[in-house]
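Dear colleague,

Please find below the structure that I am handing over to you. My notes on what was found in it follow directly after.

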Number of protein chains: 2
Amino acid sequence: MTHKGISRAVIKRLPRYYRYLGELMENGIDRISSMELSERMKVTASQIRQDFNNFGGFGQQGYGYNVEYLYKEIGLILGLEHTHNVIIIGAGNVCRAIANYPDFKKRGFVFTAIFDNDPSLEGTTIGNCVVRSVDDLEDYIKENDVEIAALTLPKSAAPTVAAKMVALGVNAIWNFAPTDLNLPDDVIVENVHLAESLMRLSYRIKEKNK
Amino acid sequence: MTHKGISRAVIKRLPRYYRYLGELMENGIDRISSMELSERMKVTASQIRQDFNNFGGFGQQGYGYNVEYLYKEIGLILGLEHTHNVIIIGAGNVCRAIANYPDFKKRGFVFTAIFDNDPSLEGTTIGNCVVRSVDDLEDYIKENDVEIAALTLPKSAAPTVAAKMVALGVNAIWNFAPTDLNLPDDVIVENVHLAESLMRLSYRIKEKNK
């Protein structure tokens, strides 16, 4: 099943559904109605049904959805059925935060190597990875299966490194640098712009206080 | 000027405009046309004009916009004209990442205190803050001006701490815990759900490879 034409908003909600369904499973809940899921997630039940109808509806029958089935199906849509190998470039604090984050491995994202241009960091361990020299980046990518590169780099370094990743065949970038990377259209870039998140918070505070 | 009824999508784009305009200023560019801004930001010029019209248009005259004026106006809309005091709860790796992030202070977000329940971290320094005991949280909030609480806590601890923040009068939460906080409607919550960001990346990889 392809899902071309599915709106960004729906795609944005899918990981949230997945998270909730995972929690339901952890709590031993087998079935859930769209009404109950709606109450938990604070999304309308009709929104949930509409979202799920994009993917065939997931066969709600009698009393609601089969939680495990739904979890697995959404996992398949999100491409979580196989492991994703992720390298991190830039061994600073943000690298440390994501490399030690417990939830990623559970979702199938495995950090396989970390690179930095500071020789004093070489050989140190972050999470389960030994920090390597950026000089080894090219060989590493050629010899290993690398699907995603996480860039936890200063703004100034990110565009060059991103271009290098693409040249080496890594076409999915998880970008933490506070800049947009101008890469070819077929390269997938997912940005985490933390300052923008804080500014949205500030906007909402300001609007509330009016 | 109030901006009720402005769509979430526009609000989402404002910090990005702000970032680009800041970069233009740093590069000494005084004026820019919507066409040029459009090319840099990869947003259509008509989208830019439409977005700006929500706020009165910012007076594009002759050759484009006055960059500094536009930067300041958008800063005002985003509530960046005054300093925002932020406390961080949970002195782990994510705390370390945000407390040491250089861009926030530039935007007026100042981390004033960090709290943790691990006595061995008490008295250590992260960024410019000394880590304090969570036992001091209540007194600190009563005695200081705290606008935002950043929660860099495990999923299990976040809801309780969030509720405590609200009880103490902190009504804006920057939440890094991978869970939704069920708080009263007048509390502003901005989530940074990193696992969801990775799952969206995975979805896009899967769609591309079909």
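A nonpolar core is a set of buried Ala, Val, Leu, Ile, Met, Phe, Trp, Tyr and Cys residues joined through C-beta atoms within 7 Å. A residue is buried if 20 or more other C-beta atoms lie within 10 Å of its own, exposed if 12 or fewer, and partly exposed in between, with C-beta atoms placed from the backbone. In the largest such core, which has 116 residues, A:Ile88, A:Leu151, B:Ile88 and B:Leu151 touch the most other members.

Please note that this is a predicted model, in which local features need pLDDT of at least 70 and side-chain atom pairs count only at pLDDT 80 or more, while totals for chains, interfaces and linings use all residues. Residues are numbered from 1 along each chain as its sequence is written, and chains are lettered from A and ligands numbered from 1 in the order in which they are written.

Chain A as a whole

Chain A contains nine helices and nine strands; these are DSSP runs numbered from the N terminus, with helices (H or I) of at least four residues and strands (E) of at least two. Its C-alpha trace spans about 60 × 50 × 35 Å along the principal axes. Of the 210 residues of chain A, 36% count as buried. An automatic or database domain assignment divides the chain into domain 1 (8-77) and domain 2 (84-196), and the C-alpha centres of these two domains of chain A lie 32 Å apart.

The sheet of chain A

Seven strands of chain A form an open sheet with mixed pairing, in the order S5-S6-S4-S3-S7-S8-S9. Strands S5 (125-126) and S9 (188-191) of chain A each have a single partner strand, so one side of each is left without a neighbour in the sheet. Two strands pair if DSSP finds at least two bridges between them. S4 (residues 109-116) and S6 (residues 129-133) of chain A pair in the parallel sense over three bridges, and A:Val131 in S6(A) is the bridge partner of A:Ile114. S7 (residues 148-151) and S8 of chain A likewise pair in the parallel sense over three bridges.

Not counting residues up to four places away in sequence, A:Leu151 touches several residues, including A:Ile89, A:Val161, A:Ile173 and A:Phe176. From strand S8 (residues 172-175) of chain A, A:Ala172 and A:Trp174 point one way and A:Ile173 and A:Asn175 the other way, and all are buried.

Where the chains meet

How many residues of chain B are in contact with chain A? There are 49, and they are in contact with 48 residues of chain A, where contact requires C-beta atoms, placed from the backbone, within 7 Å. H9(B) gives the most to the side of chain B that touches chain A, with 15 residues. By class, that side of chain B has 26 nonpolar, eight polar and 15 charged residues. Here Ala, Val, Leu, Ile, Met, Phe, Trp, Tyr, Cys and Pro count as nonpolar, Asp, Glu, Lys and Arg as charged, and the others, Gly among them, as polar.

The end C-alpha atoms of H9(B) are 21 Å apart, which agrees with the 21 Å that its 15 residues should span at 1.5 Å a residue; the expected span is 1.5 Å times one less than the number of residues. Buried residues in H9(B) include B:Glu196, B:Leu198 and B:Tyr203.

With kind regards

How values were computed:
Contact = placed C-beta atoms within 7 Å.
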